[in-house]
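Hi there,

Here is the structure I promised to pass on to you. Have a look at it first, and my notes follow below.

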Amino acid sequence: MPRDAAQSEIDDVESSIVDLTMLPALMDIPITSGPDVMDCRVGAVIHDFNNSLQAIVSVLNLLQCRISPGSIKDFDHLMDIALTSTDKAHLRVRELASCMKERASSARPTVIDDVVRSLQPLLVATIGDDIAVNLRLAAHGKKVLCEARDIENVLVNLVNNARDAMPAGGALLIETVVVPPGEERSYSFVGLQVADTGMGMSPDAIEYACRAYYSTKGPAKGSGLGLWSVKDFTDRHGGQLSIRSSEGLGTAVQILLPVA
């Protein structure tokens, strides 16, 4: 292959390589209302990672053409291992993309009160004996359009936060309500609220509470992703999240989801 043509081919490959160190920045996309925000983030990562794999395959194929047989010990064997590994990686990317499509189309109406009741034994066992857990369920069988596991994840995150805010014990109340249509909307919401009698939050902490990686628990305890994930889930399903808290008096976090 002429030098100019070879260099042109190498330049084409290099220009297609995605800097994988930039992929975490995709997680800094601002949280906005509307469906499929998280799916868009994951989709962007899949797309760029797939491009990177393709660039790696192109480089390997170029090496296979440029290096003389026998000039490097076990070269053909090592090349086969590398190409087989990239084939497997491509397969995993396709599987992940397929799972995203299935998840997007599999959401079904969920009775939120049923999810809370079924999860109560686990929550009680997790939170410990020094915190009293009470339920006040008044959604009256209303459904929301999401998977039960999503509601479970929300509850676990909120209850874990409440537990950490009550190191000396206290009381936890999990409530559901139906919020009727208002002046600005023609549909009802189902409300899910977790309230504790813990140490509470300052106004500044409330303002930043739903930002990714923000935590008041210290670097060794909190990831800062619990409330962020709850807010992200709520936004993706057309809902609202609110926090009411006073230092020394406790915190109440409520999400509102449209009735299915």
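**Strand pairing and helix packing**

Strands β2 and β4 (residues 170-179) run parallel to each other and are joined by seven bridges; two strands are said to pair if DSSP finds at least two bridges between them. Within this pairing, Val133 has Leu172 of β4 as its bridge partner.

Before going further, a word on the source: this is a predicted model, in which local features need pLDDT of at least 70 and side-chain atom pairs count only at pLDDT 80 or more, while totals for chains, interfaces and linings use all residues. Residues are numbered from 1 along each chain as its sequence is written, and side-chain values use heavy atoms, with hydrogens and water left out.

The two strands belong to an open sheet of five strands with mixed pairing, in the order β2-β4-β5-β7-β6. At its edges are β2 (131-137) and β6 (240-246), each of which pairs on one side only. On average, neighbouring strands of this sheet are turned by 15 degrees against each other, direction ignored. Helices here are DSSP runs of H or I with at least four residues, and strands are runs of E with at least two, numbered from the N terminus.

Now to the helices on the sheet. Helix α4 (residues 112-127) packs on it and touches β2, β4 and β5 (189-196); contact means heavy atoms within 4.5 Å. The direction of α4 makes about 175 degrees with that of β2. Helix α5 (residues 148-164) lies across β2, β4, β5 and β7 (250-258), at about 25 degrees to β5. Axes are lines fitted to C-alpha atoms, for helices over the stretch in contact, and angles run from 0 to 180 degrees between N-to-C directions.

α5 also meets helix α7 (residues 226-236): their axes come within 9 Å and cross at roughly 145 degrees. The residues of α5 in this contact include Ile151, Val154 and Leu158, and those of α7 include Leu227, Val230 and Phe233. By class, the contact of α5 with α7 has six nonpolar, four polar and one charged residues. Nonpolar covers Ala, Val, Leu, Ile, Met, Phe, Trp, Tyr, Cys and Pro; charged covers Asp, Glu, Lys and Arg; the others, Gly among them, are polar.

As for the whole protein chain, it holds seven helices and seven strands. Of its 260 residues, 35% count as buried, meaning under 20% relative accessible area (1.4 Å probe, protein chains only).

Best wishes

Methods. Buried < 20%, exposed > 50% of the residue type's maximum accessible area, 1.4 Å probe, protein only.
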